[in-house]
Amino acid sequence: MQLQPLLAVLKSIALIIIIQEILLNGDSISEAAKITSFPGQPPVNFQQYSGYIAVSKNPKRQLFYYFVEAEANPDSKPLVLWLNGGPGCSSIGAGAFCEHGPFKPIGNTLLKNDYSWNKEANMIYLDSPAGVGFSYSANKSFYTEVNDEKTAQDNLMFLKRWFIQFPNYKNRAFFITGESYGGHYVPQLAQLIVQSKASINLKGIAIQVMKWPIQCVTIQHIGDKFKLMETSALFVLKYGEKCQTK
């Protein structure tokens, strides 16, 4: 994969960030959050957004997201949150532009990704925790003190405030997905949503390449069925009766 188009995309996102820092007002959606197009991007029929959500105002801590609506019928498609692992891996730099986002950087252009997940879902790619990708904390000590529990709390706060900006998605079927160290982020966020009784229509979680035991109700292999990815290591986990797998 060529780095030049990816760097151009990242520069474009950085410019969007600067504009949003100036124009975004409170918790309302701003046109500044809408992405018209990336450098070298082909024409598309879906909307893209990016921006910051404040998860703490004192001290200031903000998480950056890239939101891609489904290619067709976004109003009837589920909402999916993607979290890369690491810790420290950007969900935007890796998940969105190197794995299953709508575009693939090739040469000097962005090509449509035939395996993009936004063919079947509305996708949120979140840089988390603060310090990863474009997400940041004004209190630099946060970077050495952050742990999985705090990450889950910030991710939940992000979701609550994101739904304020995108209220038409508030009651949408919602799935949390991730890979690698996301195997910690995903279930801990799901657990916090359930325990806190947050008004989020959580339907299930999905983790790619898990190697430790989990408890679930059903494990449905969807990689080949929906052709959402080029590998076949994605499983959907739903709540209910317990089962054991490795």
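Reply: Gladly! A helix here is a DSSP run of H or I with at least four residues, numbered from the N terminus. Asp148 lies in one of them, helix 4. Please keep in mind that this is a predicted model.

Me: How many helices and strands does the protein have?
Reply: There are six helices, along with 12 strands.

Me: What makes helix 4 and helix 5 oblique to each other?
Reply: Their axes cross at roughly 60°. Angles under 35 degrees would be roughly parallel, and roughly perpendicular starts at 65, so helix 4 and helix 5 are oblique. The axes come within 9 Å, and the crossing is right-handed. Among the residues making the contact are Asp148, Leu156 and Leu159 of helix 4 and His184, Gln188 and Leu192 of helix 5.

Me: Which residues does Asp148 touch, beyond its neighbours within four places in sequence?
Reply: Tyr181, His184, Tyr185 and Gln188 are in contact with Asp148. Gln188 is 40 residues away from Asp148 in sequence, yet their C-alpha atoms are 7.8 Å apart.

Me: Why is the link between Asp148 and Tyr181 called a polar contact?
Reply: The cut-off for such a pair of N or O atoms is 3.5 Å. The side chains of Asp148 and Tyr181 are joined at 2.9 Å, so the pair qualifies as a polar contact.

Me: How do you know that Cys89 and Cys98 form no disulfide?
Reply: A disulfide is a covalent bond between the sulfur atoms of two cysteines. Here the pair has to lie within 2.5 Å. The closest cysteine sulfur to that of Cys89 is in Cys98, 8.4 Å away, which is too far for a bond. Cys98 is likewise in no disulfide, and the structure as a whole holds zero.

Me: Are these cysteines buried, exposed or partly exposed, and what makes them so?
Reply: Buried means under 20% relative accessibility and exposed means over 50%. Cys89 has 29%, so it counts as partly exposed. Cys98, at 39%, also counts as partly exposed.

Me: What makes helix 2 mostly covered?
Reply: Seven of its nine residues are buried, including Ile92, Ala94 and Phe97. For the protein, buried residues make up 48% of the 246.

Me: Which residue caps the N-terminal end of helix 2, and how do you know?
Reply: Ser90 is the cap: one of its side-chain oxygens lies 3.1 Å from the backbone nitrogen of Ile92. With the cut-off at 3.5 Å, that distance is within the limit for a polar contact.

Definitions and conventions
Residues numbered from 1 in each chain as written. Predicted model: local features only at pLDDT ≥ 70, side-chain atom pairs only at ≥ 80, totals over all residues. Heavy atoms only, no water. Buried < 20%, exposed > 50% of the residue type's maximum accessible area, 1.4 Å probe, protein only. Helix = DSSP H or I, 4+ residues; strand = E, 2+ residues; numbered from the N terminus. Polar contact = N/O pair within 3.5 Å; in protein donor to acceptor, adjacent residues only side chain to side chain. Axes fitted to C-alpha atoms, helices over the stretch in contact; angles between N-to-C directions. Parallel < 35°, antiparallel > 145°, perpendicular 65-115°, else oblique. Left-handed = near helix turned anticlockwise from the far one by under 90°. Contact = heavy atoms within 4.5 Å.
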